[in-house]
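Thanks for coming, everyone. I'll keep this brisk. Here is what we are looking at today.

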Amino acid sequence: MPTKYWCKSMASSNHTRLVAVLGGCLLGLAACSATAIWHSDQPSAPPDVATGRRLYLASCAGCHGVRGDATGEIAASVFPPPRDFTRGEFRFRSTASGTLPTRADLARTIDLGLPGSAMPSWRGLLSDNEIASIVLFVETLSPRFAQEQRQPEDVILPADLSPVAATPELVTRGRDLYVKMGCGECHGAEGRGDGKAAATSRNSDGTVSHVFDFTYGVYKAGDAPIDVYRTFVTGLDGAPMPAFDQSLPEEADRWALVAYVLSLGRARGLTYYFSERPTWRDPMAANLEAARKTPAQPDATTTPAPESTPPRDDGW
Ligand code: HEC
Ligand code: HEC
């Protein structure tokens with residue numbers, strides 16, 4: 001229902017009826033989320049690669065490709081294109097630029113998706129345990145995970161990050177830092193993604209890179225202060241977005257920049273969120289249900305899954 005009609009019925013109010021309707025909606029929502037939780041909360045064995053592979057083929061291969069090389073059936077019609085996992089290069093990490101993401105990083109992306117791109121959020125469709133299995137399978141798609149030992153010190157975000165509340169002074173300080181650090185070269189003087197370097201911006205795989213427009217306000221990596229902090233401190237490997245962990249060492253400076261960048265977002269109305277309703281979830285839920293019921297079996301068209309998860313000592 002368009003927002004203006006909601007507003008109208010609120011204005012000409014019969015309060016009792018409105019309260020009853022709202023109450024009904026809330027109960028409905030509670031029931032839906034309870035169903036979603038129960039639905040995804042399958043009795044769980046420890047995460048394993050074979051389960052991950054089965055769920056990956058059902059849910060991810062259409063975009064990321066059966067072998068993870070971003071050649072799924074609909075990959076060509078998606079922009080930006082799905083990630084090619086065989087390159088072993090990951091944008092959304094808590095680790096230093098050039099290092100592998102942690103398993104928690106991969107799980108976060110799968111759980112929350114990348115808003116504003118085709119990468120969906122799987123929350124409520126896949127349980128945490130199923131996501132953990134998929135992460136194990138994704139790690140078999142690039143040789144980097146077997147070749148490189150991840151180290152705890154790869155994680156460069158402080159464990160006890162506590163965001164500093166935005167004040168007008170902090171925002172002003174952030175604006176100065178935005179200029180000083182050269183964010184505007186790419187993101188533009190007013191943060192509209194139209195800086196000097198934006199026109200020729202390319203990703204490491206040669207595809208066109210769209211510099212982020214801060215006024216758009218829909219962040220792929222999340223729009224909580226802690227998400228924005230993570231993005232510019234660790235950088236987005238594979239995209240021209242650099243890591244500022246070395247050049248911006250002071251916590252106070254980092255939070256000032258977070259406050260400024262977030263202040264550029266425009267507020268969006270309720271209709272925006274309603275129009276984003278993820279209708280794709282119904283067919284995906286049916287796909288997953290079928291995959292869960294299929295017993296594990298070798299598939300001649302894909303690389304066989306390893307017998308067991310290789311042992312690791314990186315603590316995840
Ligand atoms: C409808 C297409 C689509 C489907 C289905 C899909 N993805 Fe994605 N995925 C994308 C796109 C597009 C991107 C890149 C978005 C960007 O960076 O702008 C992406 C990015 C990712 C990344 C980010 C890697 C990084 O750089 O940090 C991960 C991890 C990922 N997908 C995992 C999955 C998994 C696992 C599934 C299945 C559960 C899945 N995706 C299903 C389209 C899809
Ligand atoms: C050399 C160009 C360049 C510079 C300099 C640069 N960025 Fe970026 N930034 C990008 C590009 C390109 C993207 C989009 C990457 C993508 O989604 O593939 C991006 C994305 C981002 C995002 C992520 C938005 C999301 O979708 O989650 C944030 C936050 C960000 N930049 C902050 C900054 C800040 C703060 C600075 C300065 C300290 C900065 N950037 C400097 C190129 C740049």
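Which residues does Phe137 touch, leaving out those up to four places away in sequence? There are Val49, Gly52, Arg53 and Tyr56. Keep in mind that this is a predicted model.

Now the core around that residue. The largest nonpolar core has 21 residues. Phe137 is one of those that touch the most other members. Ala107, Ile110, Ile131, Ile134, Val135 and Val138 are in that group too. As for elements, α3 (49-59), α5 (103-112) and α6 (128-138) each give two or more residues to this core. Helix α6 gives the most, with seven.

Next, the ligands. Start with ligand 1. It has 24 residues around it. Those that come nearest are Cys60, Cys63, Arg91, Ser117 and Met119. The elements giving two or more residues to this shell are α4 (61-64), α5 and α6. So much for position; now the classes. The shell around ligand 1 holds 16 nonpolar, five polar and three charged residues.

On to ligand 2. Here 25 residues lie around the ligand. Cys183, Cys186, Lys220, Ala221 and Met241 come nearest. At least two residues of this shell come from each of α9 (183-187), α10 (225-234) and α11 (251-263). Helix α9 gives the most, with four residues. By class, the shell around ligand 2 has 18 nonpolar, five polar and two charged residues.

Helix α8 covers residues 168-180, 13 residues in total. At 1.5 Å a residue, α8 should span 18 Å. The C-alpha atoms at its ends are 19 Å apart, which agrees with that expectation. After α8 comes Gly182, with a positive phi near 80°.

Last, confidence. The protein averages a pLDDT of 82. Of the residues, 74% score at least 70. Two stretches fall under 50. Over residues 1-41, the pLDDT is below 50. Beyond near neighbours in sequence, that stretch has 13 contacts in the model. Over residues 271-278, pLDDT also stays under 50. For residues 271-278 the model has three contacts beyond four places in sequence.

That's my tour. Happy to go back to any part.

Methods. Residues are numbered from 1 along each chain as its sequence is written. Chains are lettered from A and ligands numbered from 1 in the order in which they are written. This is a predicted model: local features need pLDDT of at least 70, side-chain atom pairs count only at pLDDT 80 or more; totals for chains, interfaces and linings use all residues. A nonpolar core is a set of buried Ala, Val, Leu, Ile, Met, Phe, Trp, Tyr and Cys residues joined through C-beta atoms within 7 Å. A residue is buried if 20 or more other C-beta atoms lie within 10 Å of its own, exposed if 12 or fewer, and partly exposed in between; C-beta atoms are placed from the backbone. Two residues are in contact if their C-beta atoms, placed from the backbone, lie within 7 Å. pLDDT is the predictor's confidence in each residue, from 0 to 100. The expected span of a helix is 1.5 Å times one less than its number of residues. A residue is near a molecule or strand if its C-beta atom, placed from the backbone, lies within 6 Å of it. Ala, Val, Leu, Ile, Met, Phe, Trp, Tyr, Cys and Pro count as nonpolar, Asp, Glu, Lys and Arg as charged, and the others, Gly among them, as polar.
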